[in-house]
Amino acid sequence: MTTVRLSEADNVVTAVTALEAGSHGATQLIPRGHKLATRAIARGEPVIKYAQVIGFAAEDIAEGAHVHTHNLDFRNVDTEYEYATNIRPAAPATTQDTFMGYRRASGRVGTRNFIAVLTSVNCSATAARQIAAHFTPDRLADYPNVDGVAAFVHGTGCGMAGQGSEGFEALQRVMWGYAKNPNVGGVLMAGLGCEMNQIDWLVEAYGLTPGPLFQSMNIQDVGGLRKTVELGIRKIEAMLPVVNDAQREECPASELMVALQCGGSDAWSGITANPAVGHACDLLVAQGGTGVLAETPEIYGAEHLLTARAVDREVGEKLVGLIRWWEDYTARNKGSMDNNPSPGNKKGGLTTILEKSLGAAAKGGTTPLTGVYKYAEPVTAKGFTFMDSPGYDPASVTGQIASGCNLVCFTTGRGSAFGAKPSPSMKVATNTEMFNRLTEDMDINAGSILTEGKSVEEVGREIYEMWLRMASGEKTKSELQGLGDFEFVPWQIGAVM
C-alpha cells in the first residue's frame, strides 16, 4: 500500500510512505502523510478528503502534485445544518462488561483514589505544592488504597471579573468538578484570603459540605505560608486512614466516562487512531457508558456531521451556538479559526482546520450526540456527548475531568508526553514509526491498522478493553512516568485586570 483513499468522492489521497517524483503517480516529492492530487484541480475548486471539503485550490493543481499549505486555501464555509437526520443507535451489547472501581457515597464510581489539594488562586500555589510534596511514597506506604496526594494549582483566581462573568464561573466549575470527581476521595482547598475567587462562595454556590474529607483554609487566616503548610499536612494526615478505607468493587462499564482527546495530530490521526477510539466509544455507549468529545475549534468544519447525529434540534443548536461563539471570539481577538493546525500538525500532513477537524471528530464514533455542555459543566447525559473547550490539550482535559471524566484517552501522531491526575490517561499512537520511537509513552499502536493490516474495529476493541483494565487499576505509561502534576490548566476566559 503506497497511498490511502478515504472515499471515492475524494480528489486527493494520502501517501503511506514518501513518494519520489515519477513513482506511483507522483509528479514531485510527496512527504509521508501528505496529500497527492488524483486528478487536476482548478484554482478555486474544492479539495475533497473524507468526502468533505478541506479547502480550496489556491492555484491550478496538476494531477500527481503535492497538495499542502502552498496551494490550498482555507475559507469559512457557509453550512446548512441538519438536525437528528443521521441517528444510528449503538449496536446492542452482547455482554455486560464490568471493572473494579471505587463506588462513592454519591453513587458515582472512581477509577483512582486521590487526595486533592486545590487552590483558589495562584497565591496559594506554593503552599499546595509543598503540602502535596510532603506525602512521598514512603509516607504513603501504609495507605495502599490511596493513589497519591496531588496539588492542582493554576495561575488565575484574582485580577478577574467576579461573580456572573464567564471566566469566574468557568473557574468555579473546574474547582467544584475536581472536588466532586469520583477519582478524588478527599479534598483540601487552600486560598490566600483576599482573592476574587473566594472559597466560601464556591462552597455556598455548589453545596459542598465541609467535613473529614472536605477541608479548607486561607493563608491569611492561618498566619502565613509555613503555618499553612503545617496545618495542611495535619489535615491530610487525618484524611488518609478514611480515604484508604475505600475498596474496589465490581461495577458496570456504564459507570465509565471517558475524555476523548487528541494532541500532536498528524495525517494518520483521522485514518487510524481517531476512528479506532470512535469504535471504542461506540462499544462503551452500548454498555450505557459515556464518551466526552471536546476542543470546539477542532470540530470546526465537521460540526455539521455532529448536528445530524444530535438526538434533537435543541442539542444540535447548542453545538452550533458554541461554533458561533468561537467565530466571534477569534475574530475579536484578531485571530482565525485556521490558526489551528499547529506547525507540527502541518509537518505531519494536515493543512487546514477543516481537514484536522474531520479527523478529530472521528473520536466520537457513530452513535447519537446526546448532550452539549459548557466548559467544565457536569455531564449528566449518557452516551456520546460534547463539552466546549479550547484546542489546547491541558485546558481541554482539565475541563473534561471537571465535567466528571474518570478516564482519559489521548491520541497522538507527532508524539505526546501527557498525563492528567486524578484521571488516568492512555495514549494511542497513530503510526507505528512514532510508537516505536516513543514506546515508553505510548499505550496502544493504532498504526498497526496500516503496518499489520488490523481493522479499525480490532484496534478499537483493544482500546476499549484497556479502558476496562486501567479503570480497574492497571497503570498507564503516563502514570508510570509520574505525569499529571502540571497538566491542570483551567481555561482563563475574559480580561485579566
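Searching the whole structure turns up 2 cavities of 30 Å³ or more. The model is a predicted one. Rolling a probe the size of a water molecule over the atoms is what shows where empty space is left.

The largest cavity comes first. Its volume is about 50 Å³. Lining this space are Tyr 50, Cys 262, Ser 265, Asp 266, Ser 269, Gly 270, Asn 274, Leu 350, Glu 355, Lys 356, Gly 359 and Ala 360. Helix H10 (residues 353–360) supplies the largest share of that lining, with 4 residues. Sorted by class, the lining of the largest cavity holds 4 nonpolar, 5 polar and 3 charged residues.

Around it sit Thr 156, Met 160, Gly 167, Leu 171, Pro 490, Trp 491, Gln 492 and Ile 493. Here the lining divides into 5 nonpolar and 3 polar residues, with no charged ones.

Gly 167 and Leu 171, both in the lining of the second largest cavity, fall within the residue range of helix H2 (residues 166–180). That helix packs against helix H3 (residues 199–206) at an angle of about 75 degrees, the two axes lying 11 Å apart. H2 is therefore roughly perpendicular to H3. On the H2 side, the residues that meet H3 are Phe 168, Glu 169, Gln 172, Arg 173, Met 175 and Trp 176, and their partners in H3 are Trp 201, Leu 202 and Tyr 206. In terms of class, this contact of H2 with H3 is made up of 6 nonpolar, 1 polar and 2 charged residues.

H2 also packs with helix H11 (residues 393–402), this time at an angle of about 55 degrees and with the axes 7 Å apart. That angle makes H2 oblique to H11. Arg 173, Val 174, Gly 177 and Tyr 178 of H2 meet Val 397, Thr 398, Ile 401 and Ala 402 of H11. By class, the contact of H2 with H11 counts 5 nonpolar, 2 polar and 1 charged residues. Arg 173 turns up in the contact with H3 and again in the contact with H11.

Helix H1 (residues 125–134) has its own set of buried residues, namely Ala 125, Ala 127, Ala 128, Ile 131, Ala 132 and His 134. What lies over them? The cover includes strand E10 (114–119), strand E11 (148–152), strand E12 (184–191) and strand E13 (214–218), along with helix H4 (219–222) and helix H5 (225–244).

Now for the backbone. Lys 421 and Pro 422 are joined by a cis peptide bond, with omega at about 5 degrees. Pro 422 belongs to the loop between strand E19 (407–412) and strand E20 (425–429).

Glu 295 has one of about 65 degrees, and its place is in the loop between strand E16 (290–293) and helix H7 (303–307). The phi of Lys 334 is near 60 degrees, again positive, and Lys 334 sits in the loop between helix H8 (313–332) and helix H9 (343–347). Are these residues buried or exposed? Glu 295 has a relative accessible area of 1%, which is under the 20% cut-off, so Glu 295 counts as buried. Lys 334 has 80%, which is over 50%, so Lys 334 counts as exposed.

Technical notes:
Residues numbered from 1 in each chain as written. Predicted model: local features only at pLDDT ≥ 70, side-chain atom pairs only at ≥ 80, totals over all residues. Heavy atoms only, no water. Axes fitted to C-alpha atoms, helices over the stretch in contact; angles between N-to-C directions. Helix = DSSP H or I, 4+ residues; strand = E, 2+ residues; numbered from the N terminus. Parallel < 35°, antiparallel > 145°, perpendicular 65-115°, else oblique. Contact = heavy atoms within 4.5 Å. Nonpolar A, V, L, I, M, F, W, Y, C, P; charged D, E, K, R; others polar. 1 Å grid on protein atoms, 1.4 Å probe; cavity = no way out; pocket = protein on both sides within 12 Å on 5 of 7 lines; lining within 4 Å. Points joined across faces, edges and corners; volume = space filled by probe spheres on them. Buried < 20%, exposed > 50% of the residue type's maximum accessible area, 1.4 Å probe, protein only.
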